[in-house]
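Colleague: I am new to this structure and would like to go through it slowly with you. Could we look at it together, one question at a time?

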Amino acid sequence: MQPSLAPGDYVLASRRSAALGVGDVVIFEHPVEQGFWLVKRVVGLPGDEISVQDGRLTRNGAAVDGAPTPGAGSWTVPPGTIFVVGDNRYVSAGDSRLLGPIPVGLVEGRVAFRYWPLGTMGPIK
């Protein structure tokens with residue numbers, strides 16, 4: 001999740017109580033490896049068309065951001081799932097490009113705030 005989060009950062013997360021939105025950073029259990037937790041950014045909601053082509057990630061035909069995104073593929077996000085990617089897409093492991101859309105039931109919470117290290121303390125954007 002670099003540059004937003006780095007290994008060893010301590011964060012506060014709120015239990016998921018409201019609908020998830022595009023741009024939220026979420027914590028979820030790996031859909032295959034139980035007990036392995038991932039932190040990724042939501043880029044697609046049910047019904048969205050996600051595409052990666054020529055280094056560009058799009059949602060419903062519009063560029064998600066300027067971050068280069070390796071790989072290629074197209075996905076329609078099914079009901080009850082979200083599409084997630086890491087902020088550093090070249091080293092992002094375990095995101096929806098590999099795992100497919102993630103069941104919302106696996107999402108444990110929404111990351112809200114980093115409290116360690118002190119120099120980077122603040123809300124997660």
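Colleague: Which helix holds Arg97, and what should I know about the model before I read on?
Modeller: This is a predicted model, in which local features need pLDDT of at least 70 and side-chain atom pairs count only at pLDDT 80 or more, while totals for chains, interfaces and linings use all residues. Residues are numbered from 1 along each chain as its sequence is written, and side-chain values use heavy atoms, with hydrogens and water left out. Helices (H or I, at least four residues) and strands (E, at least two) are DSSP runs numbered from the N terminus, and the place of Arg97 is in helix H1, residues 96-99.

Colleague: Which backbone oxygen lies 3.0 Å from a polar atom of the side chain of Arg97?
Modeller: A polar contact is a pair of N or O atoms within 3.5 Å; within protein, one must be able to donate a hydrogen and the other to accept it, and residues adjacent in sequence count only if both atoms are side-chain atoms. The side chain of Arg97 has a polar atom 3.1 Å from the backbone oxygen of Pro70. At 3.0 Å from a polar atom of that side chain lies the backbone oxygen of Arg89.

Colleague: What pattern does the protein follow along the sequence?
Modeller: The protein contains 1 helix and 11 strands. Read along the sequence, these elements give the pattern β-β-β-β-β-β-β-β-α-β-β-β.

Colleague: In what order do the strands of the open sheet of 4 strands lie?
Modeller: Two strands pair if DSSP finds at least two bridges between them. E4 (residues 49-53) pairs in the antiparallel sense with E7 (residues 73-76) over 4 bridges, and E4 also pairs in the antiparallel sense with E5 (residues 56-59) over 4 bridges. The edge strands, each pairing on one side only, are E6 (62-63) and E7. With antiparallel pairing, the order of this open sheet is E6-E5-E4-E7.

Colleague: Which residue takes a positive phi in the hairpin of E4 and E5?
Modeller: Gln53 of the pairing between these strands stands opposite Arg56 in E5, while towards E7, Ser51 stands opposite Ser74 and Val52 opposite Gly73. The hairpin has 2 residues between its strands, and the positive phi, near 55°, is taken by Asp54.

Colleague: Is Val26 buried or exposed?
Modeller: Val26 is found in strand E2, which is mostly covered, with 4 of its 5 residues buried. Among the residues that Val26 contacts (heavy atoms within 4.5 Å), leaving aside neighbours within four places in sequence, are Leu20, Leu38, Ile82 and Val107. Buried means under 20% relative accessible area, exposed over 50%, and partly exposed in between, with a 1.4 Å probe and protein chains only. With a relative accessible area of 0%, Val26 is buried.

Colleague: Which residue in E3 stands opposite Phe28?
Modeller: E2 and E3 pair in the antiparallel sense over 5 bridges. The C-alpha atoms of Val26 and Val39 are separated by 5.6 Å, although these residues are 13 residues apart along the chain. Opposite Phe28 stands Leu38.

Colleague: How many residues does the largest nonpolar core have?
Modeller: A nonpolar core is a set of buried Ala, Val, Leu, Ile, Met, Phe, Trp, Tyr and Cys residues joined through side-chain atoms within 4.5 Å. The largest one includes Val26, Phe28, Val42, Val84 and Ile102, and strands E2 (25-29), E3 (37-44) and E8 (81-85) each supply at least two of its residues. A second, separate core of 8 residues includes Ile50, Leu57, Trp75 and Val85. The count for the largest core is 10 residues.

Colleague: Why is the pair of Trp75 and Phe83 tilted?
Modeller: Trp75 is buried, with a relative accessible area of 18%, and Phe83 is buried as well, at 0%. Rings of Phe, Tyr and Trp (its six-membered ring) pair if their centres lie within 6.5 Å; planes under 30 degrees apart count as stacked, over 60 as edge-to-face and the rest as tilted. By this rule the count comes to 1 aromatic pair. The centres of the Trp75 and Phe83 rings are 5.0 Å apart and the pair is tilted because the planes stand at 50°.
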